[in-house]
Amino acid sequence: VVSQGSHYRTSTLFSAIQLIKMTRVFIGRLSMSARESDVEKFLRGYGKVRDISLKRGYGFVEFDDYRDADDAIADLNGKELLGESVALELARGKRA
């Protein structure tokens with residue numbers, strides 16, 4: 001038997017986890033020469049960025065607010081960064 005208070009805490013925790021996930025953005029089709037400073041400049045004006053993690057040809061950006069992540073995706077998906085048309089979408093899966 002689950003008490004109502006326990007259910008509330010569980011659903012609140014789940015909502016908080018979902019919200020955190022929604023602030024992480026995948027950036028694909030990045031130029032191999034892209035640096036953190038290039039991505040920072042590209043995202044300027046879309047709220048506070050907590051973290052940028054770049055790999056070879058892709059990366060992840062953690063925004064402070066999910067609304068900023070949504071706005072960046074809506075406005076910048078398909079735009080050019082260092083000669084490449086980048087793909088932005090909400091990150092899925094576990095953080096590596």
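This is a predicted model: local features need pLDDT of at least 70, side-chain atom pairs count only at pLDDT 80 or more; totals for chains, interfaces and linings use all residues.

Arg50 lies in strand S2 (residues 49–54) and Asp64 in the loop between S3 and helix H3 (66–76), so the pair ties together parts that are 14 residues apart in sequence. Helices (H or I, at least four residues) and strands (E, at least two) are DSSP runs, numbered from the N terminus.

Residues are numbered from 1 along each chain as its sequence is written. Local features need pLDDT of at least 70 and side-chain atom pairs count only at pLDDT 80 or more, while totals for chains, interfaces and linings use all residues, and side-chain values use heavy atoms, with hydrogens and water left out.

A search of the whole structure finds 3 salt bridges, which are listed here.

| Salt bridge | N to O distance |
|---|---|
| Arg67 and Asp65 | 2.6 Å |
| Arg92 and Glu89 | 2.9 Å |

Arg50 is exposed, with a relative accessible area of 53%, whereas Asp64 is partly exposed at 38%; buried means under 20% relative accessible area, exposed over 50%, and partly exposed in between (1.4 Å probe, protein chains only). Arg92 is exposed at 69%, while its partner Glu89 is partly exposed at 32%.

Glu62, placed in strand S3 (residues 58–63), is buried at 7% relative accessible area.

Notes:
A salt bridge is a side-chain nitrogen of Lys or Arg within 4 Å of a carboxyl oxygen of Asp or Glu.
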